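Please look through the sequence and the model before reading the points below.

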Amino acid sequence: MTREAVKEVFQSMLSMEVNPEPPNPLTADPDGQIIGSVGFIGDATGIICLYAGAGFARVITSRLLGIPEEEVDAEEMVPDAIGELSNMVAGYVKSRLCDRGLPCTLTIPSVVRGQQLSVECSGQVTTRAIGFHNCKHHLLAEVLLKDSTAKEV
Amino acid sequence: MSIKILTVDDSKTIRLIVAKAFKPFDCMVLEADNGVVGLAVASREKPDVILLDYTMPVMDGFEVLARLRSDPDLKATPVIMLTSEAGRDTVIKIAQLGVRDYLIKPFKGELLVERVGRVVDLKNKAAAAKKNKRFDDPISILVVDDKPAISAQIRAGLEDTPWKVNNADQPGQALDRCMENGVDVVLASLSLPNDGAFMLLQNLRGYANTASIPVLGMCVRTAAAEQARAQQTGFASVITKPIDPAELKTKVCRVLGLETSYKYFQQRDGVLALMLPKDFHPGVVQEVSTHLQSQLVSTVDAGGDKLIIDLNSVEAATMPVIELALSAIQAASKLSLRCAFVGSEAIKNQFRSYEETQAWLFAGTFEQALALLK
């Protein structure tokens, strides 16, 4: 479901094909990484996180807004674009969950930036990670599901 | 009159995507970053269509829609809902609220245009464009600076044009002047207290009758951070102090789309004449380059096959003049136009000292140049 969502969002909004690959932590970008995350709560509960290196995040923003990379403002445009992209991925997943009889509500997107970041949840959660790549760029989608949800999905 | 489209979305990214999608069309895109602001803008501007996000902080799309439907002035305004949630329940809920259409994110810009095009009559900007003003038409410039010397300097620099320069020393006063109509372009100092220039731009963009007035920022050359911020926040351009009148004229021409080709090009009996001016500055290169190709194509279309470059006004054979002439010759030769130059003996000798100009055909008058090309 998340794999489809990421591929669909990247294809539609960025005209960019991302292909699945084994998940690897994104530590290669010296400028750090960015995580966009959106939670869903209800009959299905969890968080969807998109991890990207700062360089790829800039490429994504440039493609999304249709502006040259040098005009991308890393402080304002990049977090907003990654947040919106995460929201679209989560929206896609939420719709599928609702159609399977698991109604839920999305949280507003949040974005964090830094070095060697990871998102962890307290309590009983199942983590599923899917790696993606586009040429030299890598992306990681992580879904953290409450155990009761994980059994049903 | 332009179509007004209001996009209400907390995501700046989506608002930028919407604005970009409708850029080729004769329409005005108004923005609001939450439902409360969206209702205020809708009430003030009476948009022709509203693109409304479903999930927003402060006031979500449902509540905005409900309030629109209870407002007698706005209840008939078509609303297209944008949502990243495509579940059955959401879609049913949206349909029950009486939106005209809805779009699921992710969406392509073309799809958005197509859906909006079903609701309003979108016209291509080029088709709707009126005849452009010319460089020698009167235009009104409003200088927003708390230092009167800057306005005086600009007024003096533009005294050879029919352009009128007025001054406002505060952003509030500038906004009032713009609302009264008649202001074609605003020059605002980026160093005004309390981010005055940035606030002014934001306010101008929020009103239909001022949203399309181009605003140029002014700052000192070393204020790199201010320049970058201005470019990111929607200033049409930035001009550095001390103001160079030639640069200012070029930038004003560009942001207002003023017709300038008549200053440099003339069609004479099927021959294209390119007249290079005495005051040769980088703006001349830009303006000539902008019009060169279309002028050459028009000449060929009209059956012409000659380009004559008039150097009579040029004071010195400088590299920028030579480079521009070379690019004109190259563009002309691609269209099989032959080229000659007109200039005095003195200027001819100056040009002859450069290796690049050895093959140029020189003549003293236009008629003699024509004869050389026969």
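The model is predicted. Chain B contains 15 helices and 15 strands, and 38% of its 374 residues count as buried.

**Chain B as a whole**

- Among the contacts in chain B with a separation of 6 or more, 67% are made by residues 24 or more positions apart.

**The five-stranded sheet of chain B**

- Strands of a sheet pair through backbone hydrogen bonds, either parallel or antiparallel.
- In chain B, 5 strands form an open sheet in the order 7-6-8-9-10, and their pairing is parallel.
- Strand 7 (164–168) and strand 10 (237–241) of chain B are the edge strands, each of which pairs on one side only.
- On average, neighbouring strands of this sheet are turned by 25° against each other, direction ignored.
- Strand 8 (residues 185–189) and strand 9 (residues 215–220) of chain B run parallel and are joined by 4 bridges.
- B:Ala188 stands opposite B:Gly217, which belongs to strand 9 of chain B.
- Helix 7 (residues 148–157) of chain B lies across strand 6 (140–144), strand 7 and strand 8 of chain B. The angle between helix 7 and strand 7 of chain B is about 175°.

- B:Ala325 is located in helix 13 (residues 319–334) of chain B.
- B:Ala325 counts as buried because 23 other C-beta atoms lie within 10 Å, and the cut-off for a buried residue is 20 or more.
- Between B:Ala325 and B:Phe341 there are 9.5 Å in space, C-alpha to C-alpha, and the two are 16 residues apart in sequence.

**Two packed helices in chain B**

- Two packed helices are described by the angle between their axes and the distance between the axes.
- Helix 11 (residues 245–256) and helix 12 (residues 282–301) of chain B pack at an angle of about 25°, and their axes are 8 Å apart.
- Helix 11 and helix 12 of chain B are therefore roughly parallel to each other, since angles under 35 degrees count as roughly parallel.
- From helix 11 of chain B, B:Ala246, B:Glu247, B:Lys249, B:Thr250 and B:Cys253 meet B:Gly283, B:Gln286 and B:Glu287 of helix 12.
- By class, this contact between helix 11 and helix 12 of chain B has 2 nonpolar, 3 polar and 3 charged residues.

**Two packed helices in chain A**

- Helix 2 (residues 54–65) and helix 3 (residues 77–99) of chain A pack at about 80°, with 9 Å between their axes.
- This angle makes helix 2 of chain A roughly perpendicular to helix 3 of chain A, because the range for that term is 65 to 115 degrees.
- The residues of helix 2 of chain A that meet helix 3 include A:Ala57, A:Ile60 and A:Leu64. Among their partners in helix 3 of chain A are A:Met77, A:Val78 and A:Leu85.
- By class, the contact of helix 2 with helix 3 of chain A has 9 nonpolar, 1 polar and 1 charged residues.

**The contact between the chains**

- The contact takes 21 residues from chain A and 20 residues from chain B.
- On the side of chain B that touches chain A, helix 1 (12–21) and helix 4 (88–96) of chain B are the elements that give two or more residues.
- Helix 1 of chain B gives the most to this side, with 6 residues.
- The residues of this side of chain B divide into 7 nonpolar, 6 polar and 7 charged.

Note on methods
Residues numbered from 1 in each chain as written. Chains lettered and ligands numbered in written order. Predicted model: local features only at pLDDT ≥ 70, side-chain atom pairs only at ≥ 80, totals over all residues. Contact = placed C-beta atoms within 7 Å. Nonpolar A, V, L, I, M, F, W, Y, C, P; charged D, E, K, R; others polar. Pairing = 2+ DSSP bridges. Axes fitted to C-alpha atoms, helices over the stretch in contact; angles between N-to-C directions. Buried ≥ 20, exposed ≤ 12 C-beta atoms within 10 Å, placed from the backbone. Parallel < 35°, antiparallel > 145°, perpendicular 65-115°, else oblique.
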